[in-house]
Amino acid sequence: MTFKEISAKIIESFPKTLLEAEAEFLTVEPTDLLKMSEFLKSNKMFDFDLLSCLTSVDGGDAGFYVAYNFYSTSIKHKLEIRVFAKDMSIPSVEKIWRTADWHEREAYDLMGIKFEGHSDMRRMFLPDDWDGHPL
């Protein structure tokens, strides 16, 4: 499926959830991330079984956001979803995609974004007594 086809199906299924659909990514509210994630992974039309990357970004005036890159190993399509961390907090998707464990801890340690509900939200690169977040 192309991005246009994927985004049209998601907009149809979540008409009030989607904030914006750009040319290459979708933006959703943090409160809708878990519901959207479950849908993308469990719906056989999408079958996004792999969270290939989770990247924290300083978007300047727009604020910090996290970009989630999903991939379907069976269908061979991909999708990026962006979630703005309005209060530097986003729900954790670790229980949906185990690979998020490492990525969320990295984003927390280096950027200061907290992932609510993460099973082990602690630093992974810097010492525990480090003050602040270097990026």
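I started with aspartate 109, which sits in helix 3. I took helices as DSSP runs of H or I with at least four residues and strands as DSSP runs of E with at least two, numbered from the N terminus. The model is predicted, so I kept in mind that local features need pLDDT of at least 70, that side-chain atom pairs count only at pLDDT 80 or more, and that totals for chains, interfaces and linings use all residues. Residues are numbered from 1 along each chain as its sequence is written, and side-chain values use heavy atoms, with hydrogens and water left out.

**Entry 1: aspartate 109**

Is aspartate 109 buried or exposed? With a relative accessible area of 0%, aspartate 109 is buried. I used these cut-offs: buried is under 20% relative accessible area, exposed is over 50%, and partly exposed is in between, with a 1.4 Å probe and protein chains only. I then listed the contacts of aspartate 109, leaving aside neighbours within four places in sequence, and found Arg123, Met124, Phe125, Leu126, His133 and Pro134. Contact here means heavy atoms within 4.5 Å. Leucine 126 is 17 residues from aspartate 109 along the chain, and their C-alpha atoms are separated by 7.1 Å.

I stayed in helix 3, residues 100-111, for histidine 103. Histidine 103 counts as buried at 14% relative accessibility. Not counting residues up to four places away in sequence, histidine 103 touches Ser52, Cys53 and Leu54.

Next I looked up leucine 51, which is in strand 3, residues 50-58. Leucine 51 counts as buried, at 1% relative accessibility. With residues up to four places away in sequence not counted, leucine 51 touches Tyr68, Asn69, Phe70, Val93, Trp97, Thr99 and Ala100. I also checked leucine 51 against serine 92: they are 41 residues apart in sequence and 13 Å apart in space, C-alpha to C-alpha.

**Entry 2: helix 1**

Helix 1 covers residues 3-13, and its buried residues include Phe3, Ile6, Ser7 and Ile10. Seen down the axis of helix 1, the buried residues fall within an arc of 95°, so they line one face of the helix. The arc is taken over the directions from the helix axis to the C-beta atoms. Lys4 and Glu12 are exposed on the other side of helix 1.

What do the buried residues of helix 1 pack against? I found strand 2 (26-28), helix 2 (33-42) and strand 5 (78-84). For isoleucine 10, the contacts are Leu26, Met36, Leu40, Phe46 and Leu79, not counting residues up to four places away in sequence.

**Entry 3: helix 2**

In helix 2 I noted Leu33, Met36, Ser37, Phe39 and Leu40 as buried. Down the axis of helix 2 these buried residues fall within an arc of 165°, so they line one face of the helix. Their cover includes helix 1, strand 2, strand 4 (64-71), strand 5 and strand 6 (89-91).

**Entry 4: the largest nonpolar core**

I took a nonpolar core as a set of buried Ala, Val, Leu, Ile, Met, Phe, Trp, Tyr and Cys residues joined through side-chain atoms within 4.5 Å. The largest one has 30 residues, and those with the most contacts inside it are Ile10, Leu40, Tyr68, Leu79, Ile81 and Ile90. Two or more residues of this core come from each of helix 1, strand 2, helix 2, strand 3, strand 4, strand 5 and helix 3. Helix 2 gives the largest share, four residues.

**Entry 5: residues with positive phi**

Most residues other than glycine have a negative phi. I looked up two residues with a positive value. Aspartate 47 has phi near 50° and is found in the loop between helix 2 and strand 3. Aspartate 47 is buried, with a relative accessible area of 14%. Lysine 76 has a positive phi of about 70° and is found in the loop between strand 4 and strand 5. At 56% relative accessibility, lysine 76 counts as exposed.
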